[in-house]
Amino acid sequence: MKLLIVAPKGKMGKLITLVASQKEDIQIVGSLGPKGRDYIGTDTGIAAGIGKEVGAPVYDNIEECIDLCDVIIDFSMVEVSMEVLAAARAHKKALVCGTTGFSPEQRAMFDQAGEDIPVMQAGNTSKLVNLLYKLVEMTTKSIGEETDIEILDLHDRKKLDSPSGTAKEIGEVIGDALGKDVFEDAEYGREGRCPRKDGNIAFHSIRGGDISTTHTVFFIGTGERLELTHRAENWKCFASGAVDAAAFLLKQKPGSYSMADCLGF
């Protein structure tokens, strides 16, 4: 698999470069950084800080490198990711995108790209988080109508969007299990007099320091509650999942795929 990595100096880009460089069946053919940065033209491995060269330079123009690859992995920013999506679709390259914070209209563009390329837009590429989604689905179908459901996400202080992409995906799982759009009357934090509304869900976000990425779903009944929690002590689980997703997409026909498809859940 010939791999192009977007944002090799980012938190996820560094780990993806490291994980991919350790696999014999993957060749990193280049990476994409912002124009004008002093590391453009240097080796991707050195730019990513993994302590070794990988034999592929950092580019600042996707048109110069996109035809070198089979698959693109992109964990960057919304504006960059939309440009990468357009280029991937035009050049018929498979794309794994882990960027979060897209609008509904932008997310729809990923689904539309599935008409031409294998594409995956995943808020979380961890295997265990996707298992959490299945547990949330099962629990919601069992007790979702008789409990109050709240979602809490914790991230470090540099996290840009709130709620997190994973929290939103959990909300989508709950909505599908209940057969309704839970975002229509969802609450986002609380302030002042705000008695709980029957049947809705609420999102809460904590941001600070270098706190471990954590997601908890509360199913709160009378006299008891069930909490389903995933904690990521480091981000390597997300990088490994993203590389596995890229290998999965390489074998697929055009379409819009999920991590559940990749993992066989």
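Guide: Let us begin with N200, which in this predicted model has a relative accessibility of 3% and counts as buried.

Visitor: Why is N200 called buried?

Guide: Buried means under 20% relative accessible area, and N200 has 3%, so the word applies to this residue. N200 is found in the loop between β8 (187-188) and β9 (201-207), and, leaving aside its neighbours within four places in sequence, N200 is in contact with I149, D185 and E187.

Visitor: What makes the pair N200 and R196 a polar contact?

Guide: A polar contact asks for a pair of N or O atoms within 3.5 Å, one able to donate a hydrogen and the other to accept it. The side chains of N200 and R196 make such a contact at 3.1 Å.

Visitor: Is K92 buried or exposed, and why?

Guide: Exposed means over 50% relative accessible area, and K92 has 52%, so K92 counts as exposed. This residue is found in the loop between α3 (78-91) and β5 (94-97).

Visitor: Which residues does K92 touch, apart from those up to four places away in sequence?

Guide: With those set aside, K92 touches D116 and I117, where touching stands for heavy atoms within 4.5 Å. K92 and I117 are 25 residues apart along the chain, while their C-alpha atoms are separated by 5.7 Å.

Visitor: How is the protein chain divided into domains?

Guide: The chain is divided into domain 1 (2-121 + 236-263) and domain 2 (127-233), and the C-alpha centres of the two lie 28 Å apart. Eleven residues from domain 1 and eleven residues from domain 2 take part in the contact. Between the two domains an area of about 820 Å² is buried, and carbon and sulfur atoms give 54% of that area.

Visitor: What makes R107 and E172 a salt bridge?

Guide: The rule asks for a side-chain nitrogen of Lys or Arg within 4 Å of a carboxyl oxygen of Asp or Glu, and the closest N and O atoms of R107 and E172 are 2.7 Å apart, as the salt bridge requires. Across the interface of domain 1 and domain 2, the rule finds two salt bridges, and there are also four residue pairs in polar contact.

Visitor: Which element gives the largest share of the side of domain 1 that touches domain 2?

Guide: That share, three residues, comes from α8. By class, this side of domain 1 has six nonpolar, three polar and two charged residues.

Conventions
Residues numbered from 1 in each chain as written. Predicted model: local features only at pLDDT ≥ 70, side-chain atom pairs only at ≥ 80, totals over all residues. Heavy atoms only, no water. Domains from an automatic or database assignment. Buried area = accessible area lost by both parts, 1.4 Å probe. Helix = DSSP H or I, 4+ residues; strand = E, 2+ residues; numbered from the N terminus. Nonpolar A, V, L, I, M, F, W, Y, C, P; charged D, E, K, R; others polar. Buried < 20%, exposed > 50% of the residue type's maximum accessible area, 1.4 Å probe, protein only.
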